[in-house]
Amino acid sequence: MTGRIVDMIGAVCGVALAACGSSSPSGPAAPAAMSEIRVIDADTVDIDGARWRLAGIDAPESRQTCRAWGRTWACGVAATEALRSRAAGMSCAGSETDRYGRSLGVCSSGGEDLGAWLVVNGWALAYRQYAEDYTDEEDEARSKGRGMHRGAFVVPWDWRRGERLGGEDTFSWIASAPIDAGALADRLLQRQERGFRGRFLAESVFGIAEGGIAVSFGARSGANPALGGVWRGSMTGVYGAQRLRVSGDAVIGIDDFTRPAVDISFGNFEWPDMDVVPAGIRDGVGAEMRWENLTLAQGAFRSSGETGSIEGQFYGQEEVGGVFERNGVVGAFGAARE
């Protein structure tokens, strides 16, 4: 199959509809009956009893899993639900069939090519063995870390041949209050979490969740970094009962491996709610927060006292993150080795 699938198939009238809306001399045509649509998985649908395979893409099977941030997640189920969320009004068009007797075609809803939508959001791959139609969309999804591209996965065609995702889960989290970090991670992977404010790194995530809870999670290394160095990133937090937002830079350093210790500095604070933050609050928080000589063991560190608390851990060899509380600010931080 070559060329852009949409161009090859031509204008889509919608095979799922009984008619294309032509008019007769006696008046306008009667509206077509609503189609019965059933999503089988993320690249196969039934429309009025006819089975369609979305051409040019290959999506994870419904039982397939992926891994992100050290956590195995049901990417096949998520991909299927993603297509189901766009299925209303779907119609498909095409004249070819595959070896299983399914019709091959472009399926759309509201004028949107659903194959392209699935690929650009990381819920399917361009099926390059048969077509080059959605390679640009796949490249974008990979560069943005969307869907399956957030972490490790087996390509669907190899999964059907029996290959499975290797390795073990190393998911670990730290939070300022009780939270189901695994469920939060799943919602973030599926882009269903609207109340989270933070950042995604390659191996970890940090930010403020619903209720003003600071959280850091990811693929914990469980070991001290092999080499010292500097990790640079950012922090985000909330101040007081009003949860006024504050953000800033984060610098984490390790310079003595005879007795590994961590130095941390947060600074260059910004207050997005500046118009409602009195100068006295900003002065009380201060221009910088520092912790020095924190003992590092098995890739983790912590400190608590009258001036505040901080807890963190290393993710892989390249990232570090955690949560803290000081001067009325509850926050999270994350950084990558520079």
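This report walks through the fold, the strands and the aromatic rings of one predicted protein model.

## Ground rules

The model is predicted, so local features need pLDDT of at least 70 and side-chain atom pairs count only at pLDDT 80 or more, while totals for chains, interfaces and linings use all residues. Residues are numbered from 1 along each chain as its sequence is written, and side-chain values use heavy atoms, with hydrogens and water left out.

## The chain as a whole

The protein chain has seven helices and 22 strands. Both are DSSP runs, numbered from the N terminus: helices are H or I with at least four residues, and strands are E with at least two.

Of the 338 residues, 47% count as buried. Buried means under 20% relative accessible area, exposed means over 50%, and partly exposed lies in between (1.4 Å probe, protein chains only). The accessible surface of the chain comes to about 16,500 Å². Carbon and sulfur atoms own 48% of that surface. Such areas come from the Shrake-Rupley method with a 1.4 Å probe; for residues, only the protein chains shown count as cover.

Now take contacts between residues at least 6 apart in sequence. Of these, 59% join residues at least 24 apart. A contact means heavy atoms within 4.5 Å.

Strands of a sheet pair through backbone hydrogen bonds, either parallel or antiparallel. Here, two strands count as paired if DSSP finds at least two bridges between them.

Eight strands form an open sheet, in the order β18-β17-β16-β15-β22-β21-β20-β19, with antiparallel pairing. Its edge strands are β18 (288-295) and β19 (300-305), and each pairs on one side only. From one strand to the next, the twist averages 15°. For such angles, axes are lines fitted to C-alpha atoms (for helices, over the stretch in contact), and values run from 0 to 180 degrees between N-to-C directions.

Inside this order, β20 and β21 are neighbours. Strand β20 covers residues 308-315 and β21 covers residues 319-326; seven bridges pair them in the antiparallel sense. Phe314 has Val320 in β21 as its bridge partner.

## Hairpins

Four bridges join β1 (residues 37-41) to β2, and the two run antiparallel. A hairpin of two residues links them. Arg38 stands opposite Asp46 in β2.

β2 also pairs with β3 (residues 50-54), again antiparallel and over four bridges. Thr44 stands opposite Arg53 in β3. Two residues sit between β2 and β3 in this hairpin, and Asp48 in the turn has a positive phi of about 50°. In β2 (residues 44-47), Thr44 and Asp46 point one way, Val45 and Ile47 point the other way, and all are buried.

Further along, β12 (residues 197-200) and β13 (residues 204-209) pair in the antiparallel sense over four bridges. They form a hairpin with three residues between them. Arg199 has Phe206 in β13 as its bridge partner.

## Aromatic rings

The structure holds 14 aromatic pairs. Rings of Phe, Tyr and Trp (its six-membered ring) pair if their centres lie within 6.5 Å; planes under 30 degrees apart count as stacked, over 60 as edge-to-face and the rest as tilted.

Tyr127 is buried at 13% relative accessible area, whereas Tyr130 is partly exposed at 45%. Another pair is Phe171 with Trp173. Here the centres are 5.9 Å apart and the planes are at 40°, so the pair is tilted. Phe171 is buried, at 18%. Trp173 is partly exposed, at 44%.

Phe171 and Trp173 also belong to one aromatic cluster with Trp69, Phe200 and Phe217. Arg71 lies over the face of Phe171, at 5.5 Å from the ring centre. Arg164 lies over the face of Trp159, at 3.8 Å from the ring centre. A charge sits over a ring if NZ of Lys or CZ of Arg is within 6 Å of the ring centre and within 35 degrees of the ring normal.

## Around Ser172

Ser172 is found in strand β11 (residues 171-175). At 15% relative accessibility, Ser172 is buried. Leaving aside residues up to four places away in sequence, Ser172 touches Ser216, Phe217, Gly218, Arg220, Gln313 and Tyr315. Ser172 and Ala219 are 47 residues apart in sequence, yet their C-alpha atoms are 6.4 Å apart in space.
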